[in-house]
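Q: I would like a close look at one part of this model, with the cut-offs behind each term spelled out.

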Amino acid sequence: DSNLPTYFAGTPGRFHNQILSGNRTIATLFTIFGIVAFILSAVGLYGVMSFSVNQRTQEFGIRMALGADARRIFRMVMTQGAWQLVIGLMLGAGAAALLLGVLVAAALRNIIFKVNALDPSIYLAVAGLLTIVAALSCFVPARRATRVDPVAALRYE
């Protein structure tokens with residue numbers, strides 16, 4: 001009948017895009033929040049390590065005056081950063097992320113398609129990225145610690 005009004009005129013592709021537009025928005029927000037959280041963790045780790053190295057300048061000067069070489073000081077600072085990373089990953093990925101993944105997995109299945117909230121590859125990828133960022137965040141303060149002048153550090157305060 002040519003007199004009947006047309007409802008929902010459009011292609012199936014357009015209908016599909018309209019239905020999924022809300023889910024795409026939520027997925028985009030998850031991505032943005034994840035990137036911001038990742039940047040905050042990198043800046044925070046760098047800040048903590050830089051502050052720690054700055055507070056221990058006198059200690060590094062004394063160690064170097066007593067015969068510690070730059071490689072030992074570098075290794076000591078990197079080891080401290082590694083311990084912080086291990087503790088953070090154990091608490092973050094081990095306890096909070098898995099618990100949150102179990103509790104929120106059902107809700108995420110309805111929002112994000114074809115993504116398993118408990119997929120170990122996602123957790124390993126995030127842990128790997130954080131390990132790389134932690135290594136880079138510890139590298140700069142560790143290099144700065146190796147360049148401490150023992151005489152200047154001993155005169156400090």
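Leaving aside its neighbours within four places in sequence, which residues is V77 in contact with?

A: The model is a predicted one, in which local features need pLDDT of at least 70 and side-chain atom pairs count only at pLDDT 80 or more, while totals for chains, interfaces and linings use all residues. Residues are numbered from 1 along each chain as its sequence is written, and side-chain values use heavy atoms, with hydrogens and water left out.

Apart from neighbours within four places in sequence, V77 is in contact with M49, V53, F60, C138, A142 and A145, contact meaning heavy atoms within 4.5 Å. V77 also belongs to the largest nonpolar core, which has 15 residues and in which M49, V53, F60, I73, V77, A145 and V148 have the most contacts; such a core is a set of buried (under 20% relative accessible area, 1.4 Å probe, protein chains only) Ala, Val, Leu, Ile, Met, Phe, Trp, Tyr and Cys residues joined through side-chain atoms within 4.5 Å. At least two residues of this core come from each of α1, α2 (57–65), α3 (70–111) and α4 (120–146), these helices being DSSP runs of H or I with at least four residues, numbered from the N terminus. The largest share, 4 residues, is supplied by α4.

Helix α1 also holds S52, which is buried at a relative accessible area of 13%, and the side chain of S52 makes a polar contact of 2.9 Å with the side chain of Q80. Such a contact is a pair of N or O atoms within 3.5 Å; within protein, one must be able to donate a hydrogen and the other to accept it, and residues adjacent in sequence count only if both atoms are side-chain atoms.

How values were computed
Buried means under 20% relative accessible area, exposed over 50%, partly exposed in between (1.4 Å probe, protein chains only).
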